[in-house]
Amino acid sequence: MNKTSKFLIPLLLVSAGSLHAQQQTLSLKGTVKNSDATVVYLQRFENKIFTVIDSAQVKKGSFAFRKQLPLPDLYGISTERDVVPSYVFLDVGDNKVTIDAKDDNRQSVSLSGSKSQELFEEYRAQRKPDIRSFIQKYPDNIVSSYLLYREWSYRLSPEELEAHIALLSGPQQQSRYIQDLRKIIAVTRQVAVGKKAPAIVANDPDGNPQALYDHLGKYTLIDFWASWCPPCRKENPNIVANYQKYKSQGFEIYAISLDKKKEAWLKGIADDHLTWQHVSELKYWNSEIATTYAVRAIPANFLVDDKGTIIAKNVRGEELGKVLDSLFNQGKTEIGGLKKDFKGQNPISYESTKSQAIVKQERGTFTVDQRVFFSNDYDGARLNGLTKSSEGVYHLQVAPERTPINPSPWYGFQVWSNRDTTIKIQLDYPSGVRHRYDPKVSIDGTNWNKINGASFDLPISSKRTWISAQANIPSKAVYSWIEQVNPAVQIQKQEVGKTALGKPINVYVAGNPQSKKAIAVLGRQHPPEITGHYAYASFVEYLLGNSDDAKRFREKYRIYLIPIVNPDGVDLGHWRANANGVDLNRDWAEFNQPETVALRDYFKREIEQQGRELYFAIDFHSTGSDIYYTVDPALPSRFPGFIPTWITAVKEAIPGYEPLVKPLYLGGSTFTAYSYLYKTYNTEALVYEIGDNTDADFIQRKARISAQKLIEKLNES
């Protein structure tokens, strides 16, 4: 393991706390290569700094430690006393370490004999680390606690952190890392979007105290940085450019440096041409201001309005410019990849929902040259034909399950070859159908990267590569996700019926079983609408999270979660319909299909027969851009103005976001789920549409905020 760059030090610091790891006899033997070092230092985190706790003489290239220590836990190994050490997880048993000084500026440290170190290296080997899966795999190991604290405390929301903590074993939830993480969560909630920024008073470069609230502009960026932080210095030109662009309109910056040497701080200001208000305690990571703002990694920033209310956090790069442009120029630029001129669809008209024949794809492995192979033999795949042109282009036919149909051309297949090569693929659609979803590529079926166009070059090998219109998330994966979303919350799985192909139609129920107040959250009526599922997942994860407001909400409400209304269509790789060739979101008037019948009858039992009131219903979908489809505000409403007020609250929590809202149910027949629930149960209901290409981070952010604001309003009712 190599030494960690110094700007990452804050992510590793922990307070002494309670030492829940048991005192054990450390047995550590080691060798030093390519170095004339005479001493090796063993270090431990104490009082927010690495502290040398022991040293050993190097004799003939060897050294040893034998000492009573809390094990297993993270320690540091170094050949110099006053440097950041290399990190090793020492464990019970015989630990063996090798220090190899490859050059003057870099040492590699390898450790064997420690199970915890093996797990740490397993995590590090992941191309895209998944902390949730790692914790679920190793809930009772200190490495899981450490990584959640070390790498994810600044990436996840407080609610997400609490959900991950709940996955840990009881002893690990009491570890010193998680104790400190809980403190961080508490502080983070005090500096959340919508909260008042804590007051700051610190000295400027001339030694004069400067108060934050004396330097507020129309909008002010509270910027945490340091001259020794490479990412901060890299971001500074972007901040300078935005300052020059918007300072005449009232944009101010109040910068807090985590430097410890005044000379370096002043040189950084001068070198980067930072011509705004600067303050520093010159206390490095002992900064009380950083602690107050829960800043654990830099660069970090908070954007506040003229009253000091936090309206955004950690906006950097292009996003900073977009947010400022939206604030100062009345929303001329949209964020999250939204389309400002998107018009949405017209009011829903009648469409027959009687069963009809579908075009079934032949499942299997296909080749036209015995060199390159394609497969659609898995859930979610769709491949209808294969040819190869004289130019060597592989033409893949993509056809719908029936016609006419909404033009949502879903495709999905695996491809591999006898040897490493690059092929050219052309996706061929029926006449009149345009390319809608740019290909997503994966080597493991889990992590996906986007490429552009219906014609593309693709490197392949003997290992299968996945190609899909959107990330492939079949019904089994959806159910697996929701069944383990938060082990701390009791969720009841209820099979309410069967699909046309005999798959279970599952409803997941949470909240107070005695409550007469209920909400319903529906998803995936149309198979390709993966971005809508992403929003659904983030929305539900907040509802089922460990935040205080979510807990209060679940005490007051019964929550019905239907994450996938159309499992047959999803697993068959359909563009739109179920196994009977029917768009289920047009069957909430005639009820010709088993899926809609099952859900209709379930709601009758749960709402009507149990004497409950359905207060709110939301149906997640995907379309050309983000839009809300609502009930005509002129129609009667359980809580007049509830939906518009909720959407406005979401808008205000996301600087630069301009929601599109379009009434789509104007009265009459209820072809869609949300209109049926509105009319039948007098519930507040809407469709929450996400754009096919909306930014993934924005999808999650908006969905979490939407759930938070919904809870606020329903908790008040």
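Student: Hi! What is the torsion about the S-S bond of Cys-229 and Cys-232, and which hand does that give the disulfide?
Tutor: Hello! In this predicted model, the torsion is about 75°, so the disulfide between Cys-229 and Cys-232 is right-handed.

Student: Nice. How far apart are their sulfur atoms?
Tutor: The sulfur atoms of Cys-229 and Cys-232 are 2.4 Å apart.

Student: And are those two cysteines buried or exposed?
Tutor: Cys-229 and Cys-232 are both buried.

Student: How many disulfides does the count come to?
Tutor: The count comes to 1 disulfide.

Student: OK, new topic. What is the mean pLDDT of the chain?
Tutor: The chain has a mean pLDDT of 90, with 95% of its residues reaching 70 or more. Residues 1-20 have a pLDDT below 50, though. In the model, that stretch has 71 contacts beyond near neighbours in sequence.

Student: Let's look at helix α10. What should its 12 residues span, and how far apart are its end C-alpha atoms?
Tutor: Helix α10 covers residues 317-328, and at 1.5 Å a residue it should span 16 Å. Its end C-alpha atoms are 17 Å apart, which agrees.

Student: Which residues of α10 are buried?
Tutor: The buried ones are Leu-320, Gly-321, Val-323, Leu-324, Asp-325, Ser-326, Leu-327 and Phe-328.

Student: And what covers them?
Tutor: The cover for the buried residues of α10 includes the helix α7 (230-246). It also includes the strands β11 (219-225), β12 (251-257), β14 (300-305) and β15 (310-313).

Student: Which residues touch the most other members in the largest nonpolar core?
Tutor: That core has 77 residues, and the ones with the most contacts to other members are Phe-374, Leu-427, Val-521, Phe-539, Phe-616 and Trp-646. A second, separate core has 48 residues, including Ala-226, Phe-251, Ile-289 and Leu-324. In soluble globular proteins, nonpolar side chains tend to be buried together.

Student: What is Val-521 in contact with, leaving aside neighbours within four places in sequence?
Tutor: Among the contacts of Val-521 are Tyr-536, Phe-539, Leu-543, Ile-562 and Phe-620.

Student: Last one: where does Asn-472 lie?
Tutor: Asn-472 is in the loop between β25 (465-468) and α11 (475-483).

Student: Is Asn-472 buried or exposed?
Tutor: Asn-472 is buried, because its relative accessible area is 10%, and the cut-off for buried is under 20%.

Student: What does Asn-472 touch?
Tutor: Not counting residues up to four places away in sequence, Asn-472 touches several residues, including Tyr-378, Asp-379, Trp-410, Trp-448 and Trp-466. A polar atom of the Asn-472 side chain lies 3.1 Å from the backbone oxygen of Asp-379.

Conventions:
Residues are numbered from 1 along each chain as its sequence is written. This is a predicted model: local features need pLDDT of at least 70, side-chain atom pairs count only at pLDDT 80 or more; totals for chains, interfaces and linings use all residues. Side-chain values use heavy atoms; hydrogens and water are left out. Helices (H or I, at least four residues) and strands (E, at least two) are DSSP runs, numbered from the N terminus. Buried means under 20% relative accessible area, exposed over 50%, partly exposed in between (1.4 Å probe, protein chains only). A polar contact is a pair of N or O atoms within 3.5 Å; within protein, one must be able to donate a hydrogen and the other to accept it, and residues adjacent in sequence count only if both atoms are side-chain atoms. Contact means heavy atoms within 4.5 Å. The expected span of a helix is 1.5 Å times one less than its number of residues. pLDDT is the predictor's confidence in each residue, from 0 to 100. A nonpolar core is a set of buried Ala, Val, Leu, Ile, Met, Phe, Trp, Tyr and Cys residues joined through side-chain atoms within 4.5 Å. A disulfide is a pair of cysteine sulfur atoms within 2.5 Å.
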